Amino acid sequence: MDCIFCKIIVGEIPAEKVYSDEEIIAFKDINPQAPCHILIIPKRHIDGADVLKSDDAELTGKLILAAARIARQFHLESGYRIVTNIGKDGGQTVRHLHFHLLGGEKLKDSF
Ligand code: 5GP
Ligand code: ZN
């Protein structure tokens with residue numbers, strides 16, 4: 001297995017987990033870009049949002065719902081951002097689908 005996030009899922013690489021269920025885990029980003037920076041990922045390896053299939057629609061919805069729930073847990077009521085990068089030009093460095101949850105300050109415009 002060559003995927004860092006799959007290694008985090010099985011506990012081979014430690015991570016500061018904030019949420020876990022049968023299908024999803026969420027953990028703090030090792031290099032936070034905001035006071036609160038959490039990654040929400042499926043336990044099943046999917047390369048990225050570009051290869052999602054219609055069968056993945058429910059899981060994708062659950063990932064967004066988990067992000068919103070975690071945002072409430074971390075008291076980000078004043079706003080936050082959910083981001084997924086895709087491919088080289090999109091800045092995806094880990095090729096395992098993940099949503100960034102960013103908040104805890106007034107975020108700069110991203111584009
Ligand atoms: P991407 O650049 O693919 O959108 O996001 C990958 C994110 O994973 C980056 O924000 C990076 O800091 C984070 N990351 C990479 N390796 C690790 C790791 O081993 N542990 C944790 N917690 N985050 C990681
Ligand atoms: Zn993976």
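This tour goes through a zinc site and then a pocket in a predicted model.

**Stop 1: the zinc ion**

Select the zinc ion (ligand 2) and show the side chains of C3, C6, H45 and H96. These residues coordinate the zinc ion, C3 and C6 through SG and H45 and H96 through ND1, at 2.1 to 2.3 Å. What is the geometry of the site of the zinc ion (ligand 2)? The site is tetrahedral, with angles of 99 to 118° among the 4 donor atoms.

**Stop 2: the donors along the chain**

Now find the donor residues in the sequence, where their spacing is C-x2-C-x38-H-x50-H. Pick out C3 and H96, a pair that links distant parts of the chain, 93 residues apart. C3 sits in the segment before α1 (4-9), and H96 in the loop between β4 (80-83) and β5 (99-103).

Is C3 buried or exposed? Buried means under 20% relative accessible area, so C3, at 12% relative accessibility, counts as buried. H96 counts as buried because its relative accessibility is 0%.

**Stop 3: the largest pocket**

Next, select D29, N31, Q33, H37 and H100, which lie nearest the centre of the largest pocket. They belong to a lining of 30 residues, and about 680 Å³ of space lies in this pocket.

Colour the chain by element: α1, β2 (24-28), β3 (36-42), β4 and β5 each give two or more residues to the lining of the largest pocket. Which element gives the largest share of the lining? That is α1, with 3 residues.

Finally, colour the lining by class: 14 residues are nonpolar, 9 are polar and 7 are charged.

Methods. Residues are numbered from 1 along each chain as its sequence is written. Chains are lettered from A and ligands numbered from 1 in the order in which they are written. This is a predicted model: local features need pLDDT of at least 70, side-chain atom pairs count only at pLDDT 80 or more; totals for chains, interfaces and linings use all residues. Side-chain values use heavy atoms; hydrogens and water are left out. Donors are N, O and S atoms within 2.8 Å of the metal (3.2 Å for Na, K and Ca); water is not among the atoms, so sites may look incomplete. Four donors count as tetrahedral if all angles lie between 85 and 135 degrees; four count as square planar and six as octahedral if opposite donors are over 155 degrees apart and all others between 65 and 115; anything else is irregular. Helices (H or I, at least four residues) and strands (E, at least two) are DSSP runs, numbered from the N terminus. Buried means under 20% relative accessible area, exposed over 50%, partly exposed in between (1.4 Å probe, protein chains only). On a 1 Å grid over the protein atoms alone, a cavity is a set of points where a 1.4 Å probe fits but cannot get out, and a pocket is an open set with protein on both sides within 12 Å along at least five of seven lines; lining residues have an atom within 4 Å of a point. Grid points are joined across faces, edges and corners, and a volume is the space filled by probe spheres set on the points. Ala, Val, Leu, Ile, Met, Phe, Trp, Tyr, Cys and Pro count as nonpolar, Asp, Glu, Lys and Arg as charged, and the others, Gly among them, as polar.
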